[in-house]
Amino acid sequence: MSKKVFPDAKAALAGAIKDGMTLMAGGFGLCGIPDILIEAVRESGAKDLTFISNNAGIDGAGLGILLETRQIKKMISSYVGENKLFAQQFLAGELELEFTPQGTLAERIRAGGAGIPAFFTKTGVGTLVAEGKEERVFDGERYIMERGLFADISLIHAWKGDTEGNLVYRKTARNFNPMMASASRLTIAQVEHLVPAGEIDPDHMHTPGIFVKRIVHVTNAAKRIEQRTTRKRAA
């Protein structure tokens, strides 16, 4: 078995996570979130953490469990509307928030992984998002500068992975995971289906194994639904 494969999430985080670190967590809502790795972060007891994630999960799930233990000091996110505890801590001044438009957040992460320190975008010009940021005019249009994002650790969820860390994501669960996998010093992936190296067609790989240092095999991964919406069955 590859040296990249660890027996469980706790072992994968051992010796890597410390107080005050910046982490990325893939997912959108509860889709494609590295829930087992997030639970391991809670068990580690690490505190004063900054998390870069599209959202903060919901109460009792996803990053919400780290808000319960007050291990998160700051969130860099684009959407936080599903978490009451997040709102309470933020309004009480107990949690910092760097609010970022969703497309800008995705590009900041992609830029960080590509070694791009900053870029200019029209998104947010003339709004609160632009406050304190450098502004320039290109071809008669105003743009603001956004910094690339790079973390100490990225926590990733993939549908399939091989023992060398090559990853494949499935449908909507792909979301922020690929770009986050390349934007940290240490990427740890939880995978639903672990296969031997060479079994995944190179043309089907979404994240090359060079970016992934540690892997955890997670069977029977929970597929939670944030808001279940149904309609009455037709008569």
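**Briefing: salt bridges, aromatic pairs and helices**

Lys 47 is partly exposed, with a relative accessible area of 43%. This residue belongs to a salt bridge with Asp 19, in which the closest N and O atoms are 2.9 Å apart. The structure is a predicted model. A search of the whole structure finds 10 salt bridges and two aromatic pairs.

- Asp 19, with a relative accessible area of 45%, is partly exposed.

- Glu 98 forms a salt bridge with Lys 74, and their closest N and O atoms are 3.2 Å apart.
- This pair links strand S5, which holds Glu 98, to strand S4, which holds Lys 74, across 24 residues.
- Both partners are partly exposed: Glu 98 has a relative accessibility of 25%, and Lys 74 has a relative accessible area of 21%.
- Arg 108 also forms a salt bridge with Glu 98, with the closest N and O atoms 2.9 Å apart.
- Because Arg 108 lies in helix H5 and Glu 98 in strand S5, the pair ties together parts that are 10 residues apart in sequence.
- Arg 108 counts as buried, at 5% relative accessibility.
- Through shared partners, salt bridges join Lys 74, Glu 98 and Arg 108 into one network.

**Helix H5**

- Helix H5 covers residues 102–113 and reaches 17 Å from its first C-alpha to its last, close to the 16 Å expected.
- The buried residues of H5 are Thr 104, Leu 105, Ala 106, Arg 108, Ile 109, Ala 111 and Gly 112.

**Helix H4**

- Within helix H4 (residues 84–91), Leu 85, Phe 86 and Gln 89 are buried.
- These buried residues line one face of the helix, because they fall within an arc of 105° when seen down the axis of H4.
- The face turned away from the buried side of H4 carries the exposed residues Lys 84, Gln 88 and Leu 91.
- Helix H3 (64–68), strand S4 (72–77) and strand S5 (96–99) are the elements against which the buried residues of H4 pack.
- At the start of H4, a side-chain oxygen of Asn 83 comes to within 3.1 Å of the backbone nitrogen of Leu 85.
- Just after H4, Gly 93 has a positive phi of about 75°.

**Aromatic cluster**

- Phe 120 and Phe 138 form an edge-to-face pair, 5.3 Å centre to centre with 65° between the planes.
- Phe 120 lies in strand S6 (residues 118–121) and Phe 138 in strand S7 (residues 135–138), so the pair ties together parts that are 18 residues apart in sequence.
- Phe 120 is partly exposed at 26% relative accessibility, as is Phe 138 at 33%.
- The rings of Phe 138 and Tyr 143 are also edge-to-face, with centres 5.5 Å apart and planes at 85°.
- Phe 120, Phe 138 and Tyr 143 form one aromatic cluster.

- Asp 48 has a positive phi of about 55° although it is not a glycine.
- Asp 48 lies in the loop between helix H2 (35–44) and strand S3 (49–52), and is partly exposed at 39% relative accessibility.
- Lys 171, another residue other than glycine, has a positive phi near 50°.
- Lys 171 is in the loop between strand S10 (167–168) and helix H6 (177–181), and is exposed, with a relative accessible area of 65%.

Technical notes:
Residues numbered from 1 in each chain as written. Predicted model: local features only at pLDDT ≥ 70, side-chain atom pairs only at ≥ 80, totals over all residues. Heavy atoms only, no water. Helix = DSSP H or I, 4+ residues; strand = E, 2+ residues; numbered from the N terminus. Expected span 1.5 Å × (residues − 1). Buried < 20%, exposed > 50% of the residue type's maximum accessible area, 1.4 Å probe, protein only. Arc of directions from axis to C-beta. Contact = heavy atoms within 4.5 Å. Polar contact = N/O pair within 3.5 Å; in protein donor to acceptor, adjacent residues only side chain to side chain. Phe/Tyr/Trp six-rings, centres within 6.5 Å; stacked < 30°, edge-to-face > 60°. Salt bridge = Lys/Arg side-chain N within 4 Å of Asp/Glu carboxyl O.
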